[in-house]
Structures are given as C-alpha cells and as structure tokens.
Amino acid sequence: MDDQYEEQDDLLSSFPAVPKFPNSDDALHSHTNPFALSSDSHAEETHAPKIFDRFDGSSSDEDEFSISAVSNFPQNGVVKTAGRKLDYMIQFLDRKLSKANSSPNNSENRPLPEFIGNGGGTGMFRVPVRAAVRPDRPPSLEVRPRPLRETQIGCCLRTILCSESQLWAGGECGVRFWNFSELYSAGQAEVETARVADEMSAPFLDSAYVPEVSCMIADEGERVVWSGHTDGKIRCWRMDQILGGNGFNERLSWQAHKGPVLSMTMTSYGDLWSATENGVIKIWPWEAIEKALYMIVEERHMAALVVERSYIDLRSQATTNGACYTFASDVKYLVSDHSTAKVWSAGLFSFALWDARTRELLKVFNVDGQAENWVDMPAIQDMTVEDEIKTKFVAALKKDKPQASLNFLQRSRNVILGAADAVRRAAAKGAFGVDNRTEAMVMTMDGKIWTGCTSGLLVQWDGNGNRLQDFQYHSCAVQCLCTFGSQMWVGYVSGTVQVLDLNGNLLGGWVAHCAPVIKMAVGSSFVFTLASHGGIRGWNLTSPGPLDSLLRSELSGKEFLYTRLENLKILAGTWNVGEGRASRDSLISWLGSAASDVDLVVVGLQELEMGAGVLAMSAAKETVGLEGSAVGQWWLDMIGSILDEGSTFERIGSRQLAGMLISVWVRNNLKGHIGDVDAAAVACGFGHAIGNKGAVGLRMRVYDRIICFVNCHFAAHLEAVNRRNADFDHVYRTMTFTRPSNLLNAAAAGITSAVQMLHGTNAVGVRSGELIPELSEADMVVFLGDFNYRIDGISYDEARDFISQRSFDWLRERDQLHAEMEAGKVFPGMREAIIGFPPTYKFERHQPGLAGYDAGEKRRVPAWCDRVLYRDSRSSAASECSLDCPVVGSITQYDACMDVTDSDHKPVRCLFNVDIACVDESVRRQEFGEIIESNEQIRCMLEELCKVPETFVSSNNIILQNNITLILRITNKSRRDRALYKIVCEGELTIKEDGLASDHCRRGSFGLPRWLEVNPATGIIEPDHTAEISVHHDDFHTREEFVDGLPRNSWCEDARDREVILAVNIGGSFTTETSSHRIKVRHCFSAKTKHLSPKSDGSDKSQRNLLHRSSIHQLDQFDAFDQLRNLRSP
C-alpha cells in the first residue's frame, strides 16, 4: 500500500500546477483580450486542484471551484472554457489514479480475453497515425471544426474571403463573418445560441436568410462586402454590423443577371464587374453604386433600380457587325490586374483580357496561350422580357443606321474554324489525354497571373496573356489558388495544400483536410482554407517553417487540457437467416434484451434471399446505383420495431447487396455526435461481379473518429480456406465508401468531375503514391458475418462429444480462422474475444438445443462460421486511450443465442465497450492563442519574421502639367527583406472657382479616378532596390452613361483643378500589417468644364460652346475630342 501511495504522490507532483482561477472581472477582461493571461498565473504561489472537489464539495472558499460554479456566468465563454479545462484535467488524473488502483478482481464488466491475429502493424494493416498535433503538417487554428454532413443540408459553406479585420464566408443560406480579434475566443455555443454543428466554432455573426452565395469580394474603401448569388442578385453587406434578432441584413441588392452570378471583381478604377453563364459580363459603374449607397432613407427604394439600370454589357464592347469577339462559355473567374489596370475573364478553356479603364477587349486566347479564332455568334441575352422589348424599341429608332451582317458562307467559315481549333487543342493534349480545364485563377504581387488545371498543372502567364511556364507538383485537380507577398498557395481536390514561391519552386505541402480544398483566403497572418465539408482551418503564413515545431511542441504539452474522453457501448449482431424470416420472440432474444444499455446497434444479415433471379436482379440494380429489396425492408422494419425506432433509436444507415444487409441504429441522444454515414458493397461471387458472396459496409464519424462496420459472407465448404482468405483480401483492398448524394454535393461546392476520378477521398493514398485501402484509415473496424471458416481434423461425432462436454479449448485449436490468423494470412492484427459458446453451424430448423445439429446425410461438422472481429487504434496491448491512440475497444460479452431456431445458423452478438479520445476545439483554440501570445521564443520569431521593411518614397507632392508622365520612386532600404507595395487612392478633391476644395470623394476599393494612370500600381521591391512607377494624367476622358446596357449620355470631363491622395502601402512577406506613405497628386488648369449641346443651330455662340452633361447625345471619343478643340470662350 505504501508503494501505491508513493506512486500516486509522484503522479500528482509531476503534474503541472494549475493557476488560481480568476474572478469574474478578470475573466471578462480576458475575453476581450484573448491573449491576456491572469496575473495570478505568474504568481509564486499556485494552488493545486482539489481532485475530488466536484464529487464531495468539501474544499475551502478560497480554493473551491467546480463546474457548477462556471454555470453562474452563462454569457462568459472564457469562464466556461476554463471550467472545461479543469474538468478534462481532473478526468486525466482520475484515469491515472484508477490505473494505479486497478486490480484484476475489482472491475465490473471486465473485458473478455482476446485472441489477436499476427501480421498486423505493417503495410495496409498498419494502424493509422494519430496525434494531439499531427507531425506531418503545421499546427492549425480550427476556426470552424468539420461539421457532420447531416447537419449541413441546405446550409453548406461555399466560399470565403478576408478583409482587413474579418473572415467572411458565404453558403447556401446566407453569409457570416468572424472578427479576427475573436478567433481565439471560446466556442460559438458559449456566447450565444449556436447552430447545430457550430458549437465549437469561433464566435461569428450570421446574416438573415438569402439564396446561395456563389462568389464574394471585399471593398475596403467602402467597408462593405459584395456577394453574388445563384438567384442572379448581387448583395452588399456592411463590414461593421450590428446583430439583429434574426441576423444582419444586406445594405443594397439588385438583380444583376438572369442566371447565377459566377464571379465578380473590382477593378483599379472602382467599377464592379460580374459574370454569369454563356459569356455574359456586366460592369456596374462606381458612380451609380455610390449614388445608391448614399441615398437618404426616403429614396432607398430607388437604390436598386439606379444600379440595376446602369450596367454596361461588355458584349457591346466586343461586338462588331453582329459578330461577338469573345467566348460564349460560362465565365467562372474574373481577376483584376491592379498592376497594369486590366481584367482577366476565364472559362474552362478560354481567356479574355480587358482594359479596366477603357473597357476594351484586348485579347482572346486559349489555355495553350494561342489566340482564339473569332467565332460569329449572337450575343446571348441576359435580359428580362421588358429589357428585350426596350432593346427592340431602341433598335427600331435606329433604322437609319446601317446594320451589316455576315453572310451564310462567312458564318459557316467561322464555325468550321472554331471546331478545327477545338480539335487542335485536343490533339495537342494527346488525343483526349490530359484534361487542362481551368479550375482556379489568381494574380500575384509581381504582376503575373497563375491558373490551375484539372490535371494538376499550374500555368504562369505575364500581364499581356503570354504563357510563360508550367509546373506539375500533384496529380490531382487544382481547386483554388491564393497568394500573399512572395508566396502562393495551391489547394487540391485531394485536400492537399502546397506552398510555392513566385518563381514556381515548391516550398512545402501537407494534407490540410480530408476533403477537397475549395477556397483559400489570407488575413491576420493566416492562410484560411475551406474544405468541401464546411471546415475552416487557419495556417500561419510562415508555414512551413521553424515556428511550426515550436507550436507543435507547446500544443502537444497541453494535450491534457483539451482532451475529452467519451464512452460508447456498441452491440454488434450477425445472423445468417437462410432465406427465412424470424419471429418477434427470436429478435427480442437476440437483440432486444441486449440493446437496453447500448448506444449503437449494428446488425449484419446474410442470405436474406438467394437464387439466380435474385442475384441477377441485384447485379442489375448495382449497375444503375440502386439497391435494396422488399425482403430487406421487412427485416429493417422488424428490427426497428424491436429497438423502438423513432422513440429510442434512429436508423442512420443501411446497405444491401443481394442477400447481405447491414444496418446501424443509434440512440437518439447521440445523434448529434454521429454522422457522415457512407456505405459500400463488394461482390466476391463469380468474377467479383455476383453478390452471393462478398461484403457490405457502413462508415461513420463518431465523436470525430472514423468507425467502420463490415458485414461479410465468404466462400463456403471445408476445403475452401484459400478462397475465404482471398475474399477477405479483396474486400479489404477494394471496399470504397460512397454516398448517393456525392455528385450533387460536389457540383454545388464547385468541385469538378475530378473529384469522382479519385478512389474515394483517400488523401493518404494520393499523398504517398500508394493506394491505401479506405478501411486502413479508420480508427476502428468491426468485421462481422458468416466467414464460413470450419473446424479441421475432426469428425462429426467427435465434435458433438466435445460440444456436449463444452470442451471448446480443443475445438478452438482446430479452428481454421484462428489458424489462418495466427499465420498472418487473414484478418492480420485483428482481435476476437475467446469463444465460449457452442459452434453456430449447422442446425436443423426449429430443433431446440444442441440436439439440433445437422444429422442428415451430409452430417456437416459443427463450426464457428459466424464471428465478430475488430481492430482499434492500439498498436500494442498496453496502449491507453489518448489523442495518440484515440479509440480503444474491449469486448464485455460475446455469445450466441442458442434458443433461436429460425435458421440453420445461430445468431451471434458481441457487446463492445469503446473509449474515444477527442479534441475540445474551443479549448484548443484558446490554448493556441495563449501560446502565440505568451511564448517568448515564438513572439520574438514572429516579430522578426513580420517586420515591415523600411522604405523611402521620392516625393509626397506631385503636380501634373502639360500631359507629361512623372516617375515616382520607392526605395527598399532593407538589405534582407523584400518590400511589397500597393498604390491606392484614398480620395479625390475638386478645387472650386473660389479656391475651396470639394468634399472628400472615395471610389470603391480605393480605386483611381479615370483621369489618372499609375503603372505598375503593385509590385515587389528586392532588398536595397528601387521601383519606378509612372504617374500619368489623361487630359480629356470621354465618359458615357449607360441605361439598360445601352449608351445614352456622353460628355467629356476636364480633370483640371483635381487633387487626389495616393497611399503607398508597404508590407512584408509574412505579415498583413502595412506602413503607408501618402502622396498628394494635383493637376491644375485654368479652363473649366465645357458642355456640348446635342442640338446646336449656331444662333447662340455661348450655347454652341457648351457640353451639357444631361443631354442625350451619343459621342465616340474622337467626336468629343473634335468638339473640344473647336470650343471658344463666349
């Protein structure tokens, strides 16, 4: 006993001391500053926890703390999280103490002894690697832990973006945002009523319901976010939201397209571009948007109409004589090149390059970089019926203007040239070999454009649309691209993320998610990745790097603070029903009596129905994706009634292949922790095509761990041992779990057919170059069924004698399955409880007791055909349940129901007691933030990496005169770090006649005024180098006002007496923080704006020399210049 107490004392003394819990004021203060630590945590005297306070409540007032005390602060997430930390720590200590006090004779429900097969732990039978912090990737910030698929119906997230202070996400039912200042805060459930599956998410605000979001962009100039939706509308959201009762609402919205808004961008001049299906691109001028945003409340009902009628249809800019010189495929991507003021639009196989200032089409080319042949095609309408009537009416008024059209031969020629070009592209790729459809697009700081393809190819382009070079680092499809500073991130359909420099060199990569990475965004020194299942993770901008190992070490050392243990009781039953139907009493005897205290019930049935017709029908159904039968449904209904389905249990999945059926029921109070149910079937019959033999399986996520159940029926007959072994091998290697809605979900999330080209979502297989079976990646696998292994070297009579004497030890020595497992030929490394019940095959139907064994002509030797085996996370028998070994199971009951006589097999049941270790992501997220803030080594490293280089700007005051171009120089004074610069316009002033300035006017996304050109407006400056930027003024800029896509008003504005404030924002490679230089740019002329009248009879010289802005007169640029040259002062 003394040794035992000394062991407990050593355990307690080695455990880290727990800081005294702060009072409520301290806790509230730490909530506003997630990195702030209580001063008590550094005090010399710390109070160790009273381990059993939560049970007896006998602690003093000073030291007393319990979980019930935490509930006194329902709105204080930090207090609740701290309570959970202590609870997990107490749980950890209790496990250690209970292990020290355990003895073989004092435990109830003691696990049964087990037989373990040889050959496990190697190859595809290796236990999957798990850890508190995965060693094969950088530590991540779990902004939104992966939700269960069943909770995301109708509310999946589709895209993300970052503003300066927030992370935004758009989904099927609206938008939401996280403040960067709260990313390390307590979970969503701690601060307000949380949605299902968002309890562990960082705190966020949700919008009111809107149709599905397809794309989003941020406008820092106006502090708004623009979202495009599948209903064709564009909506505007304030970044500074005040939460309402049912979520925040949009600030402005209008009907932009008839089809979905597929992509959007904001140009260097503040205009909003949007695109949809069939090549339609519209421009929404900033002047109209600004007018709508700042309408007074009484005029707000007109705001949508003002914007909606102001659009410019780019087909009019690219159409000559009825021929549209652009592609007609869906415009999936719009990217603004702020360096040279251009806009890229892209479909699957084609690109178009536009001038953001003049809106002219510059170039159309294909994925090979070759110019496309102009194809004559009618501009596909994107208008309402009213719009079409208006267009026809305007066309009727213009009958005096000749409308040339191409003749039939010319049209035919263009169609043939277009088809030939498509054939040439296919031939160039090796006769339908590599699929190089464009799947992602991004512009980097050095002015280059990168595209990602379905084949995994990465292509670099210059700003003029010339293809520069290709890179291939992964065989799977690219899904998204993201860039910041001098690096670029690539997200693949396999869930892999790779980091490249801007020269295309691979810097690192890791598996970020177990599902396709569909979107990435940079903010707050993190790269955020959104997976198709809805999970969002943040990765430090410096990864991969030395910071990762420090964070990994610190987080691993605090594992006990965020590890939660759950216990699960599973009842697994298998029965070969021999094409019969069971009585209700038989089902109660088999399942009903044992299911009263379990959490999950899995049932595997064999030989529901057999015969050539049934097998042929089953095979036909499988080819078209159908399964199930009336007989199978009868069994599901009967078992469901026994389990009180609907009130106590709920069936969460089933799968049938011919005569095999597997189904799982879960207790209602656990439905929120079990989901992502997938099914699989493998035929092992003739040619691996017929389902008389084979397996059906279900895979699910339970407390964030993967558990698989596989119901097997292997080859029969005593001598067919090798065939049975081969059946197992085939099932284990080829079982692939899918769900009927895979294709629909993939399409909705923007995932192309490349997803279906993968063998499941096996990221590890893709990563390693070796196809790893999906069953190998599960944390626990349970095999049950009629394995058909027999007993060798014994006669029928001898077997009967041993059974009657219950001498099962001698029979087990001759069991074929144990012999093959011991040789490592089948079920390697798997476990089975020592059998203590009579053989379950073969019996005469309706013959009770052991006398029912087959006494017919064949006199088959009794055998244990019906078995239950499993494999958990243990690599050794002594492994404890932890994040390194997250699922540890044991068998507490393993028997057969010998009183059931409805079949020639007896039903078998097995009761599992399973411990599951899972992560409390809310607590772990707070620990992540505290480590970054409090660890001195990490802070010093971040401060060094995140320094903004010192720069010098040649001037802070520029005066433009006589239409000349001035050069602005930016010098990087650092000798080590690159400097990243971006020039934006913070506002424009107009100098009035009295010398006073007008109000400050700012364009969208800090866009430039149209009379000013800055080139290049973004770039990278090498250490100790200087960048030269040209600043140019356009004297006479012709502006047009569009109504319903048609030009109505034209006027020429004079840029004299204008002044702008340019901000040169300087940043570093690993930080989103910037420093700024402000430059005043002024252009002064004595002349004032002149107006042109559309109707001038020459009788009034003063009137003749005016340009009226409001007059409806269509002028091209040359007409305006000619009239301006003829103006004279009155």
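A charge is taken to sit over a ring if NZ of Lys or CZ of Arg is within 6 Å of the ring centre and within 35 degrees of the ring normal. By this criterion, Lys 363 lies over the face of Phe 365, at 4.9 Å from the ring centre. Arg 724 is placed likewise over the face of Tyr 789, here at 5.2 Å from the ring centre. The model is a predicted one, in which local features need pLDDT of at least 70 and side-chain atom pairs count only at pLDDT 80 or more, while totals for chains, interfaces and linings use all residues. Residues are numbered from 1 along each chain as its sequence is written, and side-chain values use heavy atoms, with hydrogens and water left out.

Next come the aromatic contacts. Rings of Phe, Tyr and Trp (its six-membered ring) pair if their centres lie within 6.5 Å; planes under 30 degrees apart count as stacked, over 60 as edge-to-face and the rest as tilted. The count comes to 40 aromatic pairs. In one of them, the ring centres of Phe 125 and Phe 728 are 6.3 Å apart and the planes stand at 10°, so the pair is stacked. This pair links distant parts of the chain, 603 residues apart: Phe 125 belongs to the loop between strand 1 (114-116) and strand 2 (141-144), and Phe 728 to helix 17 (residues 721-734). Here helices (H or I, at least four residues) and strands (E, at least two) are DSSP runs, numbered from the N terminus. Phe 125 and Phe 728 are both buried, where buried means under 20% relative accessible area, exposed over 50%, and partly exposed in between (1.4 Å probe, protein chains only). For Phe 808 and Trp 864, the centres are 6.1 Å apart and the planes at 75°, so this pair is edge-to-face. Both Phe 808 and Trp 864 are buried. One aromatic cluster is formed by Phe 125, Phe 714, Phe 728, Tyr 732, Phe 783, Phe 787 and Phe 827.

Attention now turns to the strands, two of which pair if DSSP finds at least two bridges between them. Strand 8 (residues 224-229) pairs with strand 9 (residues 233-238) in the antiparallel sense over 5 bridges, with Val 224 opposite Arg 238. These two strands form a hairpin with 3 residues between them, and Gly 232 in the turn has a positive phi of about 90°. On strand 9, antiparallel pairing with strand 10 (residues 252-255) runs over 4 bridges, and Cys 236 stands opposite Leu 252.

Another open sheet holds 4 strands in the order 44-46-50-48, with antiparallel pairing. Strand 44 (951-953) and strand 48 (1012-1015) stand at its edges, each with a single partner strand, so one side of each is left without a neighbour in the sheet.
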